[in-house]
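Visitor: I would like to learn how to read a model like this one. Please take me through it feature by feature.

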Amino acid sequence: MSTKARAGTVAGTSVGFVVIMIWCLLPVAWIISLSFKSTAETGAGSPQFLPKDGTLDNYKTLLGVGKLSDGSEPDPAVSHDFLHALINSFGVALIATLLSVVFATLAAYAIARLEFKGKRLVLSLALAIAMFPVVSLVGPLFDMWRTFHLFNTWPGLIIPYMTFTLPLAIWTLSAFFREIPWEMEQAAQVDGATSWQAFRKVIVPLAAPGVFTAAILTFFFAWNEFVLAISLTSTTDSRTVPAQMSFFVGADPFNPPYGQLATASVVVTVPIIVIVLLFQRKIVAGLTSGAVKG
Amino acid sequence: MASISIQHLVKKYGDGFPAVNDVSIDIADGEFMILVGPSGCGKSTLLRMIVGLEDISSGDLKIGDRRVNDLAPRDRNLAMVFQNYALYPHLTVYENIAFPLRLAKKDNAEVDKLVKEAAATLELEEHLQRKPGNLSGGQRQRVAMGRAIVRQADAFLFDEPLSNLDAKLRGQMRTEISRLQKKLGITTVYVTHDQTEAMTLGDRVAVLKRGILQQLATPRELYDNPGNLFVAGFIGSPPMNFLPVEVDGTSAKLPFGSVELPADKAQKVAGRGLLIAGIRPEHFEDASLTDGSGGSTFQAKVDVVEWLGNETYAYIPFEAPPEVAKQLHQLEKDLDGEAMRTQLVITLDGASRIKEGETAEISVDASKMHFFDPATGENLTVDPANAGQIPGAAVPA
């Protein structure tokens, strides 16, 4: 390729990159900008992109700290509900992720390593469950959970979240396990390890990128899920943030508090970004390089 | 340290195919035993049965005085070096070597002492803090051996440990393994498909074909007294030549002419009709370079000549009668070979001036000839006193 053509390619790539970045990040920028606008400003007929006079009122109201710009106390009910929803979100998402990853690791290991009857069936069923529309289960689940007294509880959300994320986690992890040479754990067993020790000390560390990938996907699902969260909860005892946000109606039904909604969105996105940045380092491709001749 | 006793070991897979079929080998304490054979002969399966990674379908396996058939690998106290090394990539070299000791719950001071010792033996001291991914093939190989020697196992098991190295390194590591084994004096079972490794390393060599032990003998015995056609063809490079032959009195009729046999040999094969003669390439010579006393000579047209400096390989094609050709073709398949034609390979002195396409006068040392039964492949002229054990022989040694 000539230098000129290469320069053209580079320019084209950069332009495409910028276009896509703007396309993806504009809504995010819009939400961040909204979160600094006062109710008066969001209610105005033609709002501008940047806040005219930025205010932290929305954050203060939601988190229940400090005083608003007009000197009044923030509404305690709003922050109470939001903070409870935030705790619920964390609790439900973390527990669902933990359980899902633990079960998926064990199941995926069995699927990758053992030959048993119905292995294909298990895998196809898992995939079928993953493809099942969540909405169609809301009605039956609602009835069941009421009978089992799981309605409006954490387990009532954790169990369905696990069910929907396990298949994907199992598929991801069994792919990772299959990549790990059999010899690794055979070597460990010859070296004096029990099957469990070989699994824990050799296989799991090697599958760490897969485990973290599965964990992130599960956490995202549980953290962002809305349909089940709104249908299977009734109070802030178990309602998660996405569901709670639909209750941000404000005093005037014709003038919803867009600023607060945007602020809640920002607050709820921060943990996701932190978690991705933390786990990203763990998802190092090719961790197994050097295990065997390659 | 311990002896290993393998008694009538059988490994049958789900489809009933015996990968290892009634193999019995006694490995003495401190002995270096080689299991060799072409791919699919069951040598690796046998090794994995010894270490406990494969179940034993029937037979007895004893390490020392203990029957270990049903013990888990970790309870057999054997150390194994895998073909692809199977190092733990998430651990440093130090922790890789220390792994068996950590599992045995040794205290840190002892672990450190043993790891340092092993590293010193294998010259790995400067690499202890590196990860296996950053090491060269030979270094990885040494780490794998370090993990084996660190724990004072009863025996070492090697599964084709050198097959992933390049030719030069392979030669060096071969010597290294031999030296290490002599130094530690530990019972060793070594699987390879490479007959050079088998000949140079082993105190004794077990040759396997399709799960059946063919011959168990010292390298010299295998070379001089192969028990059957398969062993004869497998051991030696270039391989032994197989020719159709008819013996009449003391005269053996080969495709190129007749040679005179020593009386004792001729007597063993008298009246057997068409046989297969086995002659090693080095038992031929350019007749113009011998003083004329070296046995019979014959005329043959040389097809291809390969001059290697110290010696010359000459190739002489010949036609074989169908019953012999069929047996030779089957043998070629058993040996994983792909020879297209029946031809004679002979090793001549480097000084030989024979050219391609010439008809040359070749002498042959008939006293070193072997005669094989074309139906069974059995060596009819084997010297049972110097051939180790040949389990399949009609007349037991």
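**Reading the model**

Guide: UniProt, in an unreviewed entry, places the feature "domain: ABC transmembrane type-1" at residues 86–279 of chain A. UniProt positions follow the numbering used here, feature names are shortened, and annotations may be inferred rather than shown by experiment. This is a predicted model, in which local features need pLDDT of at least 70 and side-chain atom pairs count only at pLDDT 80 or more, while totals for chains, interfaces and linings use all residues. Residues are numbered from 1 along each chain as its sequence is written, and chains are lettered from A and ligands numbered from 1 in the order in which they are written.

Visitor: How much of the span 86–279 of chain A is helix, and how much is strand?

Guide: Helices (H or I, at least four residues) and strands (E, at least two) are DSSP runs, numbered from the N terminus. The span is 77% helix and 0% strand, and its end C-alpha atoms lie 21 Å apart.

Visitor: How many helices and strands does chain B have?

Guide: Chain B has ten helices and 21 strands. Along the principal axes, its C-alpha atoms fill a box of roughly 75 × 45 × 35 Å.

Visitor: What percentage of chain B counts as buried?

Guide: A residue is buried if 20 or more other C-beta atoms lie within 10 Å of its own, exposed if 12 or fewer, and partly exposed in between, with C-beta atoms placed from the backbone. Of the 397 residues of chain B, 45% count as buried. In strand S14 (residues 274–279) of chain B, five of six residues are buried.

Visitor: Which strands pair with S14(B)?

Guide: Two strands pair if DSSP finds at least two bridges between them. S11(B) pairs with S14(B) in the antiparallel sense over six bridges, and Pro244(B) stands opposite Ile276(B) in S14(B). Strand S21 (residues 370–372) of chain B also runs antiparallel to S14(B), joined by three bridges. There, Ala277(B) has Phe371(B) as its bridge partner.

Visitor: How many residues does each chain give to the contact between chain A and chain B?

Guide: Two residues are in contact if their C-beta atoms, placed from the backbone, lie within 7 Å. Chain B gives 24 residues and chain A gives 22 residues. On the side of chain B that touches chain A, H2(B) gives the most, with three residues. That side divides into 16 nonpolar, five polar and three charged residues. Here Ala, Val, Leu, Ile, Met, Phe, Trp, Tyr, Cys and Pro count as nonpolar, Asp, Glu, Lys and Arg as charged, and the others, Gly among them, as polar.

Visitor: Into which domains is chain B divided?

Guide: Domain bounds come from an automatic or database domain assignment. Chain B is divided into domain 1 (4–223) and domain 2 (237–381). Their centres, taken over C-alpha atoms, are separated by 38 Å. Each of the two domains gives four residues to the contact between them.

Visitor: What should I look for in the backbone?

Guide: Most residues other than glycine have a negative phi, and most peptide bonds are trans. Asn152(A), which is not a glycine, has a positive phi of about 60°. Asn152(A) is found in the loop between helix H6 (135–147) and helix H7 (154–179) of chain A. Asn152(A) counts as partly exposed because it has 17 C-beta neighbours inside 10 Å.

Visitor: Which residues does a cis peptide bond join?

Guide: A cis peptide bond joins Ser237(B) and Pro238(B), with omega about -5°. Pro238(B) lies in the loop between helix H8 (229–234) and strand S11 (241–248) of chain B.
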